[in-house]
Amino acid sequence: NTLSPDADRIMIGFGVERKVSEKITLSAHYAHVMFDNAPISVTGDRQGNLTAVMESALHMGGIALKIRW
């Protein structure tokens, strides 16, 4: 698939959580995904051929606020 070729990947991440009060907890996280280079080779009858290598990485992060009633 030329939109998202599949490749081996390694994901590393970490998170922290802090209890602000008896009822409120704040947390944050970050993750980084490293993908191997993914080759693309598509042959088309009408549009020609496509040969390439996809290089990509992904960064994810978030925060959360938890309130207990």
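Trainee: Before we start, what does "exposed" mean here?
Mentor: A residue is exposed when its relative accessible area is over 50%; under 20% is buried, and in between is partly exposed. Keep in mind that this is a predicted model.

Trainee: Okay. Is F14 buried or exposed?
Mentor: F14 has 57% relative accessibility, so the residue counts as exposed.

Trainee: And what about Y30?
Mentor: Y30 has a relative accessible area of 31%, so that residue is partly exposed.

Trainee: How many aromatic pairs are there?
Mentor: The count is one. F14 and Y30 form that aromatic pair.

Trainee: How do you describe a pair like that?
Mentor: Two things do it: the distance of the ring centres and the angle of the planes. For F14 and Y30, the centres are 5.9 Å apart and the planes make 45°. That pair is tilted.

Trainee: Where do the two residues sit in the chain?
Mentor: F14 is in strand β1, residues 9-19. Y30 is in strand β2, residues 24-35. They are 16 residues apart, and the pair links distant parts of the chain.

Trainee: New topic. How many bridges join β1 and β2?
Mentor: Eleven bridges, in the antiparallel sense. R9, for instance, has F35 in β2 as its bridge partner.

Trainee: In what order do the strands of the sheet run?
Mentor: The order is β1-β2-β5. These three strands form an open sheet with antiparallel pairing.

Trainee: Which are the edge strands?
Mentor: β1 and β5, the latter covering 57-67. Each pairs on one side only.

Definitions and conventions:
Residues are numbered from 1 along each chain as its sequence is written. This is a predicted model: local features need pLDDT of at least 70, side-chain atom pairs count only at pLDDT 80 or more; totals for chains, interfaces and linings use all residues. Side-chain values use heavy atoms; hydrogens and water are left out. Rings of Phe, Tyr and Trp (its six-membered ring) pair if their centres lie within 6.5 Å; planes under 30 degrees apart count as stacked, over 60 as edge-to-face and the rest as tilted. Helices (H or I, at least four residues) and strands (E, at least two) are DSSP runs, numbered from the N terminus. Buried means under 20% relative accessible area, exposed over 50%, partly exposed in between (1.4 Å probe, protein chains only). Two strands pair if DSSP finds at least two bridges between them.
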